[in-house]
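Here is a short report on one protein chain. Look over the sequence and the fold before reading on.

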Amino acid sequence: MSMIRLIHIKLDPSENEKAERVWKTECAPLMIQQKGCISEKLLRCTEPGEFISYSEWESEQDIDRYRNSPAHKEIVSHARGLKGAQATVKLYDLVK
């Protein structure tokens, strides 16, 4: 059964363009290469300063493996480089 991982991100609105650029060029390419990652999308709120990272994974074990990987550490370091960045991570089962 697929698992959906949502990361609700809030940051200083002046960082919107930088956040999009970093996600497209650095973070998403790393994540999608991880074993079990089916898809990765970045959702931008219509109000500046909010995003959701939406990723679908084959299993929770794949997410756990990713969270302990060098790729995850690199993505976290990119996120911490954004002014005012705060993230909340939640996992969801895909209802069929």
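How much accessible surface does the protein have, and what share belongs to carbon and sulfur atoms? The accessible surface comes to about 6,100 Å². Carbon and sulfur atoms hold 51% of that surface. The model is predicted.

**Fold.** The protein has 3 helices and 4 strands. Read from the N terminus, the order is β-α-β-β-α-α-β. Of the contacts with a separation of 6 or more, 72% join residues 24 or more positions apart.

**Size.** The C-alpha trace spans about 40 × 30 × 20 Å along the principal axes of the protein. A compact globule of 96 residues would have a radius of gyration near 12 Å, so the 13 Å of the protein agrees with that.

**Charge.** Positive side chains number 15, and negative side chains also number 15. The centres of the two sets lie 2 Å apart.

| Property of the protein | Value |
|---|---|
| Radius of gyration | 13 Å |
| Accessible surface | about 6,100 Å² |
| Buried share of the 96 residues | 40% |
| Distance between the centres of the positive and negative sets | 2 Å |

**One residue in detail.** Asn 16 lies in helix 1, which covers residues 16-32. Is Asn 16 buried or exposed? Its relative accessibility is 12%, so Asn 16 counts as buried, the cut-off being under 20%. Leaving aside residues up to four places away in sequence, Asn 16 touches Leu 11, Pro 48, Gly 49 and Phe 51.

Technical notes. Residues numbered from 1 in each chain as written. Predicted model: local features only at pLDDT ≥ 70, side-chain atom pairs only at ≥ 80, totals over all residues. Heavy atoms only, no water. Helix = DSSP H or I, 4+ residues; strand = E, 2+ residues; numbered from the N terminus. Rg over C-alpha atoms; globule rule 2.2 N^0.38 Å. Buried < 20%, exposed > 50% of the residue type's maximum accessible area, 1.4 Å probe, protein only. Contact = heavy atoms within 4.5 Å. Areas by Shrake-Rupley, 256 points an atom, 1.4 Å probe, with all protein chains shown as cover. Lys, Arg positive; Asp, Glu negative; His and termini not counted. Charge placed at Lys NZ, Arg CZ, Asp CG, Glu CD.
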